[in-house]
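Dear colleague,

Please find below the structure that I am handing over to you, together with its sequence. My findings follow directly after it.

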Amino acid sequence: MTTDAVLAIQNHAIHSQQYFENAVSLLEQGEAAKAGELFWGSLAQAFQALAVYKGQEVKTHRDLKNLAIQLSRDLQDESVAIDFELAENLHFNFYVVQREIEDIVLVLPAIERLRRRVFSLIPPELIERRTSI
């Protein structure tokens with residue numbers, strides 16, 4: 001793996017963690033739409049890191065979704081696709097705010113679970129240098 005790829009993985013991991021922490025803070029402040037978008041962003045960054053690790057190019061939202069669907073198939077675990085879908089709905093909530101804080105809190109375990117699962121598929125030594133997940 002190239003140095004650029006390792007740095008890209010680390011940068012995605014850092015952004016994922018930062019987005020997640022900022023989302024928690026916004027959730028505590030009652031900012032449902034912003035928190036939801038950052039939770040989505042934290043998960044999207046995790047999938048971006050996985051894509052770099054796998055040597056796949058992810059340029060669009062659809063590419064992210066296809067990666068999640070393929071991962072769900074590869075792992076033979078439909079919860080990956082389901083959790084992705086739940087998180088994806090937070091992204092759409094940004095444009096048409098329909099979810100309240102309580103709704104986001106209900107989805108939070110799925111986001112945490114999938115984010116950890118995605119990062120568990122990347123060797124820790126590629127991530128650990130600059131962040132901890």
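S42 lies in helix α2 of this predicted model. Residue S42 has a relative accessible area of 0%, so it is buried, the cut-off for that term being under 20%. Setting aside residues within four places in sequence, the contacts of S42 are S16, Y19, F20, I111 and R115.

F84 is placed in helix α4, and its relative accessibility is 1%, so F84 counts as buried. When residues up to four places away in sequence are not counted, F84 touches W40, L43, F47, L64, K65, A68 and L114. Between the C-alpha atoms of F84 and A110 there is a separation of 8.0 Å, although these two residues are 26 residues apart along the chain. As for I122, it touches I9, A49, L50, Y53 and I127, again without counting residues up to four places away in sequence.

In α3 the buried residues are L64, K65, L67, A68, L71 and S72. Which part of the helix do the buried residues of α3 line? They line one face, because they fall within an arc of 155 degrees when α3 is seen down its axis. Helix α3 has 15 residues, and the distance from its first C-alpha to its last is 21 Å, close to the 21 Å expected at 1.5 Å a residue. After α3 comes Q76, which has a positive phi, near 50 degrees.

A corresponding check was made on α1. This helix has 26 residues, which at 1.5 Å a residue should span 38 Å; the end C-alpha atoms of α1 are 38 Å apart, so the two values agree. Just after α1, G30 has a positive phi of about 85 degrees.

With kind regards

Definitions and conventions
Residues are numbered from 1 along each chain as its sequence is written. This is a predicted model: local features need pLDDT of at least 70, side-chain atom pairs count only at pLDDT 80 or more; totals for chains, interfaces and linings use all residues. Side-chain values use heavy atoms; hydrogens and water are left out. Contact means heavy atoms within 4.5 Å. Helices (H or I, at least four residues) and strands (E, at least two) are DSSP runs, numbered from the N terminus. The expected span of a helix is 1.5 Å times one less than its number of residues. Buried means under 20% relative accessible area, exposed over 50%, partly exposed in between (1.4 Å probe, protein chains only). The arc is that of the directions from the helix axis to the C-beta atoms.
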